[in-house]
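Hello,

I am handing over the structure we talked about. Please find it just below, followed by notes on what turned up in it.

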Amino acid sequence: MVGVFIGIGVGPGDPELLTFKVAKALKAVDVICVPKSHINKPSMALGMIREVLAEREKPVEIIELVFPMTKDELNNRKLWMESAAIVAEKVKKGDVAFITLGDPMLYSTFRYLYECVKETYPEIELEIIPGVTSVTAVAASSKLPLAEKDEVVTIIPSDLDPTHLEDVARHADNLVFMKCAFHIKELIPILLKAGFTENSTVALVKRCTLLEEKVLVGKLCEVEDWDITEDYFSVAIVKKSQVPIHWKQNGNGCDKSGCGCSHE
Ligand SMILES: C[S@@+](CC[C@H](N)C(=O)[O-])C[C@H]1O[C@@H](n2cnc3c(N)ncnc32)[C@H](O)[C@@H]1O
C-alpha cells in the first residue's frame, strides 16, 4: 500500500479554525473525499478548505461521497462499504483524506467509513487528525464554560429517548445538546424533572463561527420566548447552575445577565 487513509476534522465552520496540521495534510494528500447528505447540496466542509486548497502546488482529486441522513442501516452500510472500496483503490496510489465537520471522532460519518475500511482492508494504514468540535466552538461563542471544578458535563443527541434523557440529565451538571438542538423548547419539562431549575443557564448557538451565526443566552425560563428557527447546525449548552452571562455580540449587543435576546 503506497498511501495512508487520513480522517481530518476541519472544525465548526470558520476556515481560520483549521489547525496547522490539518492545513499541512490537506496540501499534501493526493485525494480528498468529501461527505455529502445529498448529491445536489454543496458540501460545507469543502467550502471551509477552499483557501487551503488554493495554496496547493499540485492538483488534488476531490471525490464526493453521498451519505443520505437516514436510519436505514442496511443501505447505509452498503454505501459505506462502496466508499471503503473507493478509498482502498485510491490509497494504492497515494494518501487519501476524508474531511469531516468538527472532529472525526464525535458523531461523525467518518467513524462508519473507518470501521468498514478497518474491517475489509486491514492492510490500510489509518491516521486521524482532530479538529475543533462544535461543542467547544459553541462554548466560546456563548462564553459559557463547558465545565469547571468538579462539574460533570454530558453530551447528548437531542432526539434521545425522554426517559433516558431524564436519567442522564439527573446525573450531570452541564449538558450539551447536539443534532437538532433547536428542539430545546420541547426538552424543558424533562430538564425541570431532572433537577434543572428555571434559573439554569442556557445557550443556543446556530451556525457557530459562520457569518450567519446566531447566539441566544439566558435562563431556562426565558427559552419559551426565544424565536428559534429550525437548523440542523445548532448546539445548546444547559448548565444546572445559574452563572453570570458574559455573552455580547460585537457592535449591537447587550451583555445584561439573563438578557436572552437574539441581537441579529
Ligand atoms: C453529525 S454531528 C457532527 C459533529 C462534529 N463532528 C463535531 O465535532 O462538532 C452534527 C451536529 O453537530 C453540530 N454542529 C456541527 N457544526 C456546527 C456549527 N457550526 N454550529 C452549530 N452546530 C454545529 C450540530 O448539533 C449538528 O447537528
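The space that the ligand takes up is the largest pocket. Please keep in mind while reading that this is a predicted model.

The chain first. Its domain assignment gives domain 1 (4-129) and domain 2 (134-239). The C-alpha centres of domain 1 and domain 2 are 29 Å apart. Where the two meet, 10 residues of domain 1 are in contact with 15 residues of domain 2.

Now the ligand. Its shell takes at least three residues from domain 1 (4-129) and at least three from domain 2 (134-239), so you will want both domains in view; the assignment puts their bounds at 4-129 and 134-239.

There are 18 residues around the ligand, and those that come nearest are Pro 12, Leu 106, Ser 134, Lys 179 and Ser 234. By residue type, the shell consists of 11 nonpolar, 4 polar and 3 charged residues.

- Asp 103: a polar backbone atom is 2.8 Å from an oxygen atom of the ligand.
- Cys 208: a backbone N or O atom is 2.9 Å from a nitrogen atom of the ligand.
- Tyr 232: a backbone N or O atom is 2.8 Å from an oxygen atom of the ligand.

On its own the ligand has 570 Å² of accessible area, and the protein covers 94% of that.

Regards

Terms used:
Residues numbered from 1 in each chain as written. Predicted model: local features only at pLDDT ≥ 70, side-chain atom pairs only at ≥ 80, totals over all residues. Heavy atoms only, no water. Near = heavy atom within 4 Å. Polar contact = N/O pair within 3.5 Å; in protein donor to acceptor, adjacent residues only side chain to side chain. Areas by Shrake-Rupley, 256 points an atom, 1.4 Å probe, with all protein chains shown as cover. 1 Å grid on protein atoms, 1.4 Å probe; cavity = no way out; pocket = protein on both sides within 12 Å on 5 of 7 lines; lining within 4 Å. Sits in = over half its atoms within 2 Å of the grid points. Nonpolar A, V, L, I, M, F, W, Y, C, P; charged D, E, K, R; others polar. Contact = heavy atoms within 4.5 Å.
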